[in-house]
Structures are given as C-alpha cells and as structure tokens.
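Hello,

The structure we talked about handing over is below. My notes on it follow.

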Amino acid sequence: MESLMNMDDFFFSDEDNALAEKIAAFFPKNSPSADAAYMANVAIGNVKPERLNDAVGQTFRLCGYHAKKRRFQDGKDGKISTLFCRDADKKLKALSTTSEKVYEALSIISMIYRDNIGSGIPIRIRSYQTGNQGTGFTLEVLNE
C-alpha cells in the first residue's frame, strides 16, 4: 500500500532543530496551578508583561523565567527575557527585557540554583551606564 503522505513535504529546518537554543526556561517544578497558568499565558503572549526598565532599583523574588530568540524590526537577532517574580506584596508579576546582560544573569542564576528555587531567589534590578550615555540592565542576587 502506498503512503498517502510524502515525507519530503514534512521536514524541520536546521532552525527548527535548534529549538533548545531558541527557548530557555527555568521554573519551579511544583508551581501552584494559578501561578503556572499566569506564567504560561505570559509566555504564550496572552498577557503582556511589564517593562523591566521601569523596575530599576526594586527587589523581587525570582520564581522563574522564559527567554526566546527573536529577530527585531531592525534586522538584528536578540532575546526577549521574561522574569516571573513576586513583589513585596507577594503578587506574581512578569517583567520583560531585551537586555543581553539580564539574559546572561538568568542563565547563571538557573545554573547555580538549578532545582533549589524554593520560595524565590531574591534579586534587585540594576542599571548601569554604557558607552554613548546609554543605559544597560542586569540583575543582582541578594544575600538574605
């Protein structure tokens, strides 16, 4: 019997095969269902996150993150990182940024803390001066 599907019509490009490089995520394994639903809806795009730039100097408890590679309108490739944090009122919120330094910080934090995220990792959003009077953003892990 001849197959009705031509397998040549269904293939994944090298870009699709690199999915692990396109999306990075770090979440606690036992998130309450309401938190998990909120995080999923933000990551899917159903809920818009706040701008990380507007939270400089504030402290949060990092509960997870999602980062995705993207090509921007100027043709450059970059990443959009979304942090899931609890504020001082213990409300879960999402903060989004394209900062490469924030992405690097998230990668390091997830490598060091791995499964020990617990009730969140205390962080502060920091800014710093770059060349040409620009501003960059990064994270500071706080010691409790």
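Is Cys-63 buried or exposed? Cys-63 is buried, at a relative accessible area of 8%; buried stands for under 20% relative accessible area, exposed for over 50%, and partly exposed for what lies in between, with a 1.4 Å probe and protein chains only.

Before the rest, some conventions. This is a predicted model, in which local features need pLDDT of at least 70 and side-chain atom pairs count only at pLDDT 80 or more, while totals for chains, interfaces and linings use all residues. Residues are numbered from 1 along each chain as its sequence is written, and side-chain values use heavy atoms, with hydrogens and water left out.

Cysteines. With a disulfide taken as a pair of cysteine sulfur atoms within 2.5 Å, the count is 0 disulfides. For Cys-63, the nearest cysteine sulfur belongs to Cys-85 and is 6.7 Å away. Cys-85 is likewise in no disulfide, and Cys-85 is buried, at 0% relative accessibility.

Strands. Helices (H or I, at least four residues) and strands (E, at least two) are DSSP runs, numbered from the N terminus. Two strands are called paired if DSSP finds at least two bridges between them. Strand β6 (residues 121–129) runs antiparallel to β3 (residues 59–71), and 4 bridges join them. In this pair, Leu-62 stands opposite Ile-121 of β6. Strand β6 is also joined to β7 (residues 135–141) by 7 bridges, again antiparallel, with Arg-124 opposite Glu-140 of β7. The strands β6 and β7 make a hairpin with 5 residues between them, and Asn-132 in its turn has a positive phi of about 60°.

Lys-90 is not a glycine, yet has a positive phi of about 65°. Lys-90 sits in the loop between β4 (77–86) and β5 (92–97) and is exposed, at 65% relative accessibility.

Ser-110. This residue lies in helix α4 (residues 100–113) and is buried, with a relative accessible area of 15%. The Ser-110 side chain makes a polar contact at 3.0 Å with the backbone oxygen of Ser-107. A polar contact is a pair of N or O atoms within 3.5 Å; within protein, one must be able to donate a hydrogen and the other to accept it, and residues adjacent in sequence count only if both atoms are side-chain atoms. Leaving aside residues up to four places away in sequence, Ser-110 touches Phe-26 and Tyr-65, where contact means heavy atoms within 4.5 Å.

Regards
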